[in-house]
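The sequence and structure are shown first.

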Amino acid sequence: MPNKPLDPALELPPAQVLPEWIDYNGHMNVAYYVLAFDKTLDRFCDRIDVGADYVKRTNQSIFTLEMHVHYRQEVLQGDPLRFTFQLLDADDKRMHYFMRMYHGTEGYLAATCEQIALHVDLGSRRTAPWPAAQRERLMALKAEHAALPRPAEAGSVIAIRRKSA
């Protein structure tokens with residue numbers, strides 16, 4: 001098995017490319033990359049106690065405000081996937097994070113996903129401050145991840161790049 005690429009970010013549970021995720025090009029469809037990242041984010045949310053149990057208990061949740069996905073190399077049916085999570089920033093109501101999807105055995109970077117999420121009160125459907133315990137967990141992770149290199153793709157702008165004449 002090839003060596004895993006060095007990635008100091010938080011390792012999250014693996015997944016596998018399912019048959020229903022394959023499109024007519026014979027590789028994982030773009031929508032399922034987003035689904036795989038979303039399911040991975042659920043595991044992170046469970047870890048900091050803002051997952052499904054938190055929603056039931058508090059009637060608060062997180063909503064995605066913005067997302068940028070970079071597709072680097074295709075994955076195929078049955079391929080194992082490995083994910084990492086890096087918290088880039090957080091404040092009283094938001095978190096900005098970066099996830100990477102790797103081929104689980106070959107080790108190549110398949111895709112990245114950068115997102116900003118809002119903490120929301122589901123009763124009012126408005127942003128709300130993180131509760132103290134969740135804010136503390138986020139700020140501790142933010143401090144820990146502050147030493148990590150910022151991903152090159154973070155904050156990228158989408159455009160057709162022209163070669164100068």
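## The pair of aspartate 92 and arginine 135

In this predicted model, aspartate 92 and arginine 135 join their side chains in a salt bridge, with an N to O distance of 2.6 Å.

Aspartate 92 is partly exposed because its relative accessibility is 42%, between the limits of 20% and 50%. Arginine 135, with a relative accessible area of 33%, is likewise partly exposed.

## Further salt bridges

Side chains of opposite charge can pair when their charged atoms come close. The structure contains seven salt bridges, including one between the side chains of aspartate 89 and lysine 142, at 3.1 Å from N to O. Aspartate 89 is located in strand 3 (residues 80–90) and lysine 142 in helix 3, so this pair links parts that are 53 residues apart in sequence. Aspartate 89 is partly exposed at 37% relative accessibility, and lysine 142 is partly exposed with a relative accessible area of 28%.

Another salt bridge is formed by arginine 94 and aspartate 91, whose closest N and O atoms are 2.3 Å apart. Arginine 94 counts as partly exposed, at 43% relative accessibility. Aspartate 91 has a relative accessible area of 25% and is also partly exposed.

Tryptophan 130 sits in the loop between strand 6 (126–127) and helix 3 (132–145). Its relative accessible area is 5%, so tryptophan 130 is classed as buried, the cut-off for that class being under 20%.

Leaving aside residues up to four places away in sequence, tryptophan 130 touches Val50, Ile62, Asp91, Asp92, Lys93, Arg94, Met95, His119, Arg135 and Leu138. Among these contacts are Asp92 and Arg135, the two residues that meet in the 2.6 Å salt bridge. Asp91 and Arg94 are also among them, and these two form the salt bridge at 2.3 Å.

Tryptophan 130 and aspartate 91 are separated by 39 residues in sequence, and their C-alpha atoms lie 8.7 Å apart in space. The side chain of tryptophan 130 reaches the backbone oxygen of aspartate 91 at 3.0 Å.

Conventions. Residues are numbered from 1 along each chain as its sequence is written. This is a predicted model: local features need pLDDT of at least 70, side-chain atom pairs count only at pLDDT 80 or more; totals for chains, interfaces and linings use all residues. Side-chain values use heavy atoms; hydrogens and water are left out. Helices (H or I, at least four residues) and strands (E, at least two) are DSSP runs, numbered from the N terminus. Buried means under 20% relative accessible area, exposed over 50%, partly exposed in between (1.4 Å probe, protein chains only). Contact means heavy atoms within 4.5 Å. A polar contact is a pair of N or O atoms within 3.5 Å; within protein, one must be able to donate a hydrogen and the other to accept it, and residues adjacent in sequence count only if both atoms are side-chain atoms. A salt bridge is a side-chain nitrogen of Lys or Arg within 4 Å of a carboxyl oxygen of Asp or Glu.
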